[in-house]
Amino acid sequence: LKIIDITVEEKPTGEIKAGAGYGTNGSTFMVGIQENNFNGKGIKLGIDLTLNEEAIKGKFNYTNPNFGYSDRSVTTSIESTTTDREKDYGYKSSLSRAAIGTRFEQYKNLYFSPNISISSESLTTTSKASANYKKQEGSYFDTLFNYALTYDKRDSFYRPKNGFISTFSQELPLISDGYSIINGYAITGYKELSDDSIFSIGIYTRAVNSLKSNNDVRVSKRLFLPSSKLRGFESGKIGPKDGDDYVGGNYMAAFNTSLSLPFLFQDFDNVDFSLFFDAANIWHVDYSKNVDQSNTVRSATGVAVDVTTPVGPLSFSLTQPITKADGDVTESFRFNVGTTF
């Protein structure tokens with residue numbers, strides 16, 4: 001027999017965080033409080049406030065990673081977002097939303113993540129707004145069902161070297177003033193070639209349509225291409241234009257490839273260097289046939305460098321646009337620096 005002494009040292013599980021970021025797309029500031037082990041059960045509680053040049057967003061979220069010992073996570077959230085684009089586009093949107101959802105592994109490597117949200121939105125306009133924005137001014141109430149099916153065969157969640165991840169998602173209106181449906185699909189594959197040199201290739205698509213033939217998609221639900229999917233162009237400055245306003249589109253698609261070349265900076269563990277090629281398009285508006293439908297594929301190639309520094313991650317890209325449409329705003333150099341403390 002042996003006598004074993006076990007000493008348990010309790011450590012703090014809460015954190016106060018703040019973040020700041022600045023780049024060619026503007027600046028961002030964030031503060032938050034998070035508890036990672038509420039009541040000693042691994043429950044996460046968090047409050048975050050994020051500000052940028054156009055929007056302010058506050059969010060409270062609750063996540064139980066093993067609800068009722070079922071190996072299923074349950075997440076609830078309450079958030080409020082105000083987007084002020086009156087200076088450039090003549091409209092302001094205020095959105096309040098509450099949501100509850102879950103995520104679990106339905107089959108091996110296949111994850112199902114449904115959630116239901118209830119939201120209230122108000123849209124106000126000024127004299128600078130286009131006729132379409134003014135037509136949609138008012139208050140809206142939505143009850144939405146969202147879900148995603150994700151098949152994940154990556155060898156690692158962080159910096160995968162082999163495998164792929166495929167996700168299909170839908171947003172379905174249950175009770176809605178607009179009855180818009182959003183479909184999305186994305187797939188990205190990874191392959192290690194040699195000496196930690198990783199080749200990745202991916203496709204990203206989304207579409208939004210109104211289920212009522214006489215309704216247009218609400219301006220706040222229109223699609224804008226994420227800046228990471230098309231480097232070489234300013235974020236939100238491509239696609240259909242109504243006058244001087246970039247109004248987004250009903251459809252968008254992107255194709256991305258990247259090849260990391262770590263041997264160029266093999267003496268620096270904190271530097272990642274890669275070559276990339278991006279091609280994408282965002283097109284079609286449903287409210288007017290007089291608006292340019294933007295049926296042009298944009299493409300660009302370049303180099304990207306990500307550096308881990310004491311003040312946070314630093315990333316920049318040098319890009320050469322290959323194809324573009326009239327009215328697109330190109331961006332040959334982009335950088336972002338962020339920090340959390």
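Two residues are taken to be in contact when heavy atoms of the two lie within 4.5 Å. In the structure described here, which is a predicted model, this criterion places Asn281 in contact with Tyr251, Met252, Ala253, Ser294, Asn295, Thr296, Val297 and Arg298, once its neighbours within four places in sequence are left aside. Asn281 belongs to strand S16, which covers residues 271–283, and the residue counts as buried because its relative accessibility is 9%, under the 20% limit used for that class.

Aromatic side chains were examined next. Seven aromatic pairs were counted, and in one of them the ring centres of Phe104 and Phe112 are 5.8 Å apart with the planes at 85°, so that the pair is classed as edge-to-face. Phe104 is buried, at a relative accessible area of 10%, whereas Phe112, at 22% relative accessibility, counts as partly exposed. Both residues belong to one aromatic cluster, together with Phe145, Tyr147 and Phe168.

On the surface, a nonpolar patch is formed by Ile100, Ile116, Ile118, Phe141, Leu174 and Ile175, which together have about 540 Å² of accessible area. Strand S8 (115–125) and strand S10 (163–176) are the elements that contribute two or more residues to this patch. Leu174, one of the patch residues, lies in strand S10 and, with a relative accessibility of 46%, counts as partly exposed.

Conventions:
Residues numbered from 1 in each chain as written. Predicted model: local features only at pLDDT ≥ 70, side-chain atom pairs only at ≥ 80, totals over all residues. Heavy atoms only, no water. Patch = residues over 30% accessible without salt bridge, like charges linked within 9 Å, V, L, I, M, F, W, Y side chains within 5 Å. Areas by Shrake-Rupley, 256 points an atom, 1.4 Å probe, with all protein chains shown as cover. Salt bridge = Lys/Arg side-chain N within 4 Å of Asp/Glu carboxyl O. Helix = DSSP H or I, 4+ residues; strand = E, 2+ residues; numbered from the N terminus. Buried < 20%, exposed > 50% of the residue type's maximum accessible area, 1.4 Å probe, protein only. Phe/Tyr/Trp six-rings, centres within 6.5 Å; stacked < 30°, edge-to-face > 60°.
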